[in-house]
Amino acid sequence: MMAIVSKVYCLPTEAALVVRRRPHAVSGGGFVVTDCSSTRVVFRVDGCGVLGTSGELVVKDGDGDALLLIRRKAGGIVQAMSIYKKWKGYTYDYEGAQKLVFSIKEPHSSSSLSCFSRSSSSSAIKISLEPRKINGPDGIFHIKGHFPGRDCSIVDSGGNTIAQIQKEMGELMASKDVYRVIVKAGIDQAFVCGVIAVLDHIYGESTAC
């Protein structure tokens, strides 16, 4: 089991989720995630159009309670000179205090994000669990594939896929606004949803204004 947000979201079997963008009338409105088998809403993601804050995302459960606050690190001289932009994901405890649980490094150049190569991990988006001791020696994951084309995976440092993003089948397969996410057994679905929220924002999709 890999519980990052909560063990509640680590199921004993593989899960298929469907992501649907909120109506285009709301710029930065985010998306809704449903369980493929029951169509029950399991997560909601609010972008800047709902929150009113640029570079900030919130992952909520199906009842609308906040699970994750994700922020893009503010700019500065060090940030400007770095080849990466950094995102940080925080959970909330019972008193509302924030706890850092993961960070994501995004290459500054958008052109380097068009395709991730197995042999070029330095240009790939890197996810680090916090603290690093979680989930083995590194707690490091990468994105492989092409998110805008709905053909990418989240893989661990051993090359094992923990979640896969793919086109939805059937009559909606031509739409980028609806796609499927397969989450492996024992993997925290809320964490996966948080990573997808950041990818969505990086590529200027439903959570970006």
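This note sets out points on the fold, the helix packing and the pockets of a predicted model.

1. Overall composition. The protein chain has 209 residues, of which 47% count as buried. Its secondary structure amounts to 3 helices and 12 strands. Where contacts link residues at least 6 apart in sequence, 41% of them join residues at least 24 apart.

2. The barrel. A closed barrel of 12 strands is formed in the order S1-S2-S3-S4-S5-S6-S7-S8-S9-S10-S11-S12, and the pairing is antiparallel. On average, and with direction ignored, neighbouring strands of this sheet are turned by 20° against each other.

3. The S5 and S6 pair. These two strands run antiparallel and are joined by 5 bridges. Within this part of the sheet, Arg72 has Trp87 of S6 as its bridge partner.

4. Helix H3. This helix, residues 189–202, packs on the sheet. The strands touched by H3 are S1, S2 (31–35), S3, S4 (56–61), S5, S6, S7 (98–107), S8 (126–129), S9 (140–146), S10 (151–156), S11 (161–167) and S12 (178–183). The direction of H3 makes about 35° with that of S5.

5. The largest pocket. Its volume is about 300 Å³. The lining consists of Val5, Ser6, Tyr9, Ala66, Leu67, Thr91, Tyr92, Asp93, Tyr94 and Lys99. Strands S5 (66–72) and S6 (84–92) each supply at least two residues of this lining; the two strands are also the antiparallel pair joined by 5 bridges. By class, the lining of the largest pocket divides into 6 nonpolar, 2 polar and 2 charged residues.

6. The second largest pocket. About 160 Å³ of space lies in this pocket. Its lining is made up of Val8, Tyr9, Leu11, Ala15, Leu17, Asp35, Arg40, Val41, Val42, Phe43, Gly62 and Gln189. Strands S1 (15–21) and S3 (41–46) each contribute at least two lining residues, and the largest share, 3 residues, comes from S3. The classes here are 8 nonpolar, 2 polar and 2 charged.

7. Links between these elements. Tyr9 is listed in the lining of the largest pocket and also in that of the second largest pocket. Gln189 lines the second largest pocket, and helix H3 spans residues 189–202. Helix H3 also touches S1 and S3, each of which supplies at least two residues to the lining of the second largest pocket. S5 and S6, likewise touched by H3, each supply at least two residues to the lining of the largest pocket.

How values were computed. Residues are numbered from 1 along each chain as its sequence is written. This is a predicted model: local features need pLDDT of at least 70, side-chain atom pairs count only at pLDDT 80 or more; totals for chains, interfaces and linings use all residues. Side-chain values use heavy atoms; hydrogens and water are left out. On a 1 Å grid over the protein atoms alone, a cavity is a set of points where a 1.4 Å probe fits but cannot get out, and a pocket is an open set with protein on both sides within 12 Å along at least five of seven lines; lining residues have an atom within 4 Å of a point. Grid points are joined across faces, edges and corners, and a volume is the space filled by probe spheres set on the points. Helices (H or I, at least four residues) and strands (E, at least two) are DSSP runs, numbered from the N terminus. Ala, Val, Leu, Ile, Met, Phe, Trp, Tyr, Cys and Pro count as nonpolar, Asp, Glu, Lys and Arg as charged, and the others, Gly among them, as polar. Two strands pair if DSSP finds at least two bridges between them. Axes are lines fitted to C-alpha atoms, for helices over the stretch in contact, and angles run from 0 to 180 degrees between N-to-C directions. Contact means heavy atoms within 4.5 Å. Buried means under 20% relative accessible area, exposed over 50%, partly exposed in between (1.4 Å probe, protein chains only).
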